[in-house]
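Open the model in your viewer and keep the selection panel to hand. The tour goes from whole chains to single residues.

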Amino acid sequence: MQRRFRVWLLIAVGALLLGAAALLYSATSPAAAACNTAPSATSPVRGAHQGAPADLALVQAAGEGCLNCHADQEKVKALAVEEEPAESLSEGPG
Amino acid sequence: MPPLEAWEKVWINLDTYGSDFHAYIKCTACHGGDPDATDMETAHQGLILDPSSVPLSPCKSCHEEIFVSAADSLHNTLAGYDTALYERSSPEHYQALETMQSYHCNSCHATCGDCHISQPNSVGGGLLDGHAFVKTPPMSRTCTACHGSRVKNEYFGLNEGVLGDVHLRQARMACTACHTAEEMHGMGAASGSAHRYDGAENPSCESCHADQIGPQSGIPQHMVHKPDTLSCQACHSLSYTNCTNCHVDRTEDDVPFYSVEAHWVGFYLGRNPIQSEDRPYKYVPVRHVPIDINSFSAYGENLLSNFLTRPTWTYATPHNIQRITPQNQTCGSCHGNEAIFLTADKVSETERGGANLNVIVETIPPLFPGMPTPEPTQPPTPEEETGGEAGESDADFWGSDGAAGGE
């Protein structure tokens with residue numbers, strides 16, 4: 001069981017790495033344009049990248065275009081909107 | 001729990017998530033959506049908000065054992081509600097009850113994400129730790145976000161005048177100190193359960209206190225009673241919430257809501273309604289559950305057609321354990337003290353029948369001659385005995401709930 005899992009994991013991670021590498025090398029990946037702005041020098045994405053282990057590049061790649069916004073505090077602050085506060089009609093302990 | 005800002009709920013913190021194994025998996029492999037989009041709206045098209053709640057959840061491929069048993073756990077099936085409802089009803093009403101549940105119970109079930117990744121929807125969602133997969137669910141932001149009224153109030157000591165649980169005050173134990181991964185994932189003893197009190201006690205007090213109970217404990221009250229006379233909570237828990245007349249309904253705009261007509265804090269020892277080899281006790285604390293024969297009348301007539309097939313006073317395990325309690329101060333605090341037993345006069349007339357008859361206490365244990373009785377002067381309260389230190393703050397443990405000490 002243990003052993004099977006490890007082998008499986010190796011394959012899974014391998015596949016992920018390949019996928020990630022492929023993404024990395026496609027410099028023109030349209031995903032990078034999501035959110036319509038290139039990551040700025042001060043974005044936390046870059047900042048974290050500099051100090052963190054090298055495999056953050058793979059994390060970034062797996063993050064596709066999504067991280068351009070979701071890892072950028074300024075951008076999520078600009079885009080995230082508070083939902084309508086849920087109507088609280090219920091009373092008493094439930 | 002201070003509410004999260006809208007942006008905090010969705011901000012991915014690469015300082016934490018960056019070193020998480022799952023960060024090597026593409027967002028879209030779990031969430032769907034369009035990775036090539038250039039604006040938020042298109043990127044989010046077809047988005048799966050909670051990938052761990054869909055039947056083909058991506059978690060299964062790597063965490064198969066947990067996934068398969070969790071799918072069958074009470075947190076996912078909510079079978080406990082079905083058991084409690086259907087037994088009080090009859091088959092011709094099941095459809096109407098399903099409809100009611102689809103309005104009122106849809107968001108209660110707990111997904112992997114609700115315990116490990118983001119706060120439950122009932123408190124507005126939001127990532128726990130920048131999308132890191134948190135191994136130990138933080139108590140205040142997951143468990144008590146859902147178990148918010150009853151268990152939380154008891155455990156944290158939020159019911160007025162009732163002290164919080166000794167395991168929290170004295171030992172700083174979080175829910176997961178007792179409720180293990182195995183139980184939460186519905187594995188082992190917890191597997192395939194149809195109700196929370198099915199099978200053996202899980203967890204059991206004995207599992208941690210074996211050497212402090214029984215004849216060798218040196219504690220007179222432990223030594224004098226047979227092990228099947230009283231549950232531990234019968235002597236060690238304080239008053240708890242009881243409710244009556246809960247009604248559920250919808251507004252004109254289909255917003256579901258409920259109201260509880262009355263709730264009060266009280267302590268009652270009743271006869272054990274689910275006595276079995278696993279739970280052999282003659283007497284246990286019993287709680288009035290928030291159900292009423294007309295609770296669901298907004299969804300149909302007489303839906304609880306067999307209302308008293310299950311007792312309305314049910315087996316309870318309150319989460320406010322103390323060493324000394326009002327009922328165990330002396331032998332005579334309990335023997336001969338009718339006030340703490342669920343005698344017929346304490347049960348409303350309409351409910352004085354059916355399964356409640358197995359709970360109602362007819363003769364209370366007598367006060368034997370020579371038994372010590374409570375001092376006429378007020379004995380020390382547990383609070384004075386143990387003090388109630390809140391402990392240093394530790395946002396990780398409390399899950400940012402500064403008031404967790406309950407004092």
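What follows is a list of stops, each with something to select and a note on what is there.

**Before starting**

This is a predicted model, in which local features need pLDDT of at least 70, side-chain atom pairs count only at pLDDT 80 or more, and totals for chains, interfaces and linings use all residues. Residues are numbered from 1 along each chain as its sequence is written, chains are lettered from A and ligands numbered from 1 in the order in which they are written, and side-chain values use heavy atoms, with hydrogens and water left out.

**Stop 1: chain A**

Select chain A and colour it by secondary structure. Chain A has five helices and zero strands; helices (H or I, at least four residues) and strands (E, at least two) are DSSP runs, numbered from the N terminus. Read from the N terminus, the order is α-α-α-α-α. Of its 94 residues, 27% are buried, where buried means under 20% relative accessible area, exposed over 50%, and partly exposed in between (1.4 Å probe, protein chains only).

Chain A exposes about 6200 Å², and carbon and sulfur atoms supply 63% of that area. Areas come from the Shrake-Rupley method with a 1.4 Å probe; for residues, only the protein chains shown count as cover. Among contacts in chain A between residues at least 6 apart in sequence, 65% join residues at least 24 apart. A contact means heavy atoms within 4.5 Å.

**Stop 2: chain B as a whole**

Now select chain B, which has 20 helices and five strands. Its radius of gyration, taken over C-alpha atoms, is 24 Å, close to the 22 Å that the globule rule gives for 407 residues, so chain B is as compact as a globular protein of that length. The globule rule is 2.2 Å times the number of residues to the power 0.38. Along the principal axes, the C-alpha atoms of chain B fill a box of roughly 85 × 55 × 35 Å.

In chain B, 43% of the 407 residues are buried. The chain exposes about 20800 Å², of which carbon and sulfur atoms supply 55%. To look at charge, select Lys and Arg as positive and Asp and Glu as negative, leaving out His and the chain ends. Chain B has 21 positive and 52 negative charges, and their mean positions are 6 Å apart. Each charge is placed at NZ of Lys, CZ of Arg, CG of Asp or CD of Glu.

**Stop 3**

Select residues 64-71 of chain B, helix α6, where the buried residues are B:Phe67, B:Ser69 and B:Ala70. The buried residues of α6(B) pack against α5 (59-62) and α7.

Next, select B:Leu78, in the loop between α7 and α8. Most residues other than glycine have a negative phi. B:Leu78 is buried, with a relative accessible area of 16%.

Continue into α8, where B:Ala79, B:Gly80, B:Ala84, B:Leu85 and B:Tyr86 are buried. The buried residues of α8(B) pack against α7 (74-77) and α9.

**Stop 4: B:Ser90**

Select B:Ser90, in the loop between α8 (79-86) and α9 (94-104). Is B:Ser90 buried or exposed? B:Ser90 counts as buried, at 11% relative accessibility. Not counting residues up to four places away in sequence, B:Ser90 touches B:Ser305 and B:Asn306. The side chains of B:Ser90 and B:Ser305 make a polar contact (2.6 Å). A polar contact is a pair of N or O atoms within 3.5 Å; within protein, one must be able to donate a hydrogen and the other to accept it, and residues adjacent in sequence count only if both atoms are side-chain atoms.

**Stop 5: B:Arg250**

Select B:Arg250 in strand β1 (residues 240-250). B:Arg250 counts as partly exposed, at 27% relative accessibility. Its contacts, leaving out residues up to four places away in sequence, are B:Tyr103, B:Val255, B:Pro256, B:Phe257 and B:Tyr299.

**Stop 6**

Select B:Asn202 and B:Pro203, which are joined by a cis peptide bond with omega of about 0 degrees. Most peptide bonds are trans.

Finish at B:Ser333, which is buried, with a relative accessible area of 4%. Its side chain makes a polar contact with the side chain of B:Thr330 (2.9 Å).
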